[in-house]
2 protein chains.
Amino acid sequence: MIYHVAINVMPLKDLLDPQGKAVMGGLHNLGLTSVQDVRIGKRITMEIEASSGEAATKIAEEAASKLLANQVMEHFEITIL
Amino acid sequence: MIYHVAINVMPLKDLLDPQGKAVMGGLHNLGLTSVQDVRIGKRITMEIEASSGEAATKIAEEAASKLLANQVMEHFEITIL
């Protein structure tokens with residue numbers, strides 16, 4: 001069966017996110033001053049051929065930890081769509 | 001009230017995603033050959049001070065359409081966390 005899987009890779013909470021800071025400044029300049037604490041990460045979607053949702057999650061976990069996320073600076077979460 | 005909002009910005013389905021193609025190649029080289037159709041986008045999280053969830057969504061929509069997403073090449077979806 002084919003599973004549609006999304007992996008969200010976000011910077012760790014304790015780390016600065018200068019890209020997010022810059023975007024927050026841009027939003028404030030556009031008048032959206034109620035926006036705070038912007039953080040920017042990646043979202044990767046993929047199709048995984050697997051026998052079960054669990055097996056698909058395992059493959060996605062392997063993909064995330066081996067290639068997509070740098071776990072020194074980022075954490076990831078996996079959802080089946 | 002403060003709402004935690006996530007905005008997912010993904011490349012449109014009809015467009016090529018060369019970054020996703022490259023990542024798919026990398027995953028295949030790692031032995032994860034069951035992975036297909038990798039697409040890579042952005043995930044932006046923020047805190048929005050607003051009177052209601054609807055108002056927060058409206059602000060996030062404005063942020064996405066004015067600054068975060070290029071709607072010629074990308075579409076976005078907003079979720080309140």
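In this predicted model, 30 residues from chain A and 30 residues from chain B take part in the contact between the chains, contact here meaning heavy atoms within 4.5 Å. Being a prediction, the model comes with some ground rules: local features need pLDDT of at least 70, side-chain atom pairs count only at pLDDT 80 or more, and totals for chains, interfaces and linings use all residues. Residues are numbered from 1 along each chain as its sequence is written, chains are lettered from A in the order in which they are written, and side-chain values use heavy atoms, with hydrogens and water left out.

Put together, chain A and chain B bury about 2500 Å², and 65% of that sits on carbon and sulfur atoms; buried area is the accessible area (1.4 Å probe) that the two parts lose on being put together, summed over both. On the chain A side, the elements that each give two or more residues are S1, helix H1 (18-29), S2 and H2. S2(A) hands over the largest share, 15 residues. By type, that side of chain A splits into 15 nonpolar, six polar and nine charged residues. In this tally Ala, Val, Leu, Ile, Met, Phe, Trp, Tyr, Cys and Pro count as nonpolar, Asp, Glu, Lys and Arg as charged, and the others, Gly among them, as polar.

Now to the sheet. Helices (H or I, at least four residues) and strands (E, at least two) are DSSP runs, numbered from the N terminus, and two strands pair if DSSP finds at least two bridges between them. Six strands make up an open, antiparallel sheet in the order S3(A)-S1(A)-S2(A)-S2(B)-S1(B)-S3(B). Strand S3 (74-80) of chain A and strand S3 (74-80) of chain B stand at the edges with a single partner strand each, so one side of each has no neighbour in the sheet. Between the chains, S2(A) and S2(B) pair in the antiparallel sense over eleven bridges, and A:Arg43 stands opposite B:Gly41 there. Within chain A, S1 (residues 2-11) and S2 (residues 35-49) pair antiparallel over eight bridges, with A:Ile2 partnered by A:Glu49.

Helix H2 (residues 53-68) of chain A lies across S1, S2 and S3 of chain A as well as S2 (35-49) of chain B, running at about 155 degrees to S3(A). For such angles, axes are lines fitted to C-alpha atoms, for helices over the stretch in contact, and values run from 0 to 180 degrees between N-to-C directions.

As for charge pairs, the count between chain A and chain B is zero salt bridges, taking a side-chain nitrogen of Lys or Arg within 4 Å of a carboxyl oxygen of Asp or Glu. The whole structure holds two.
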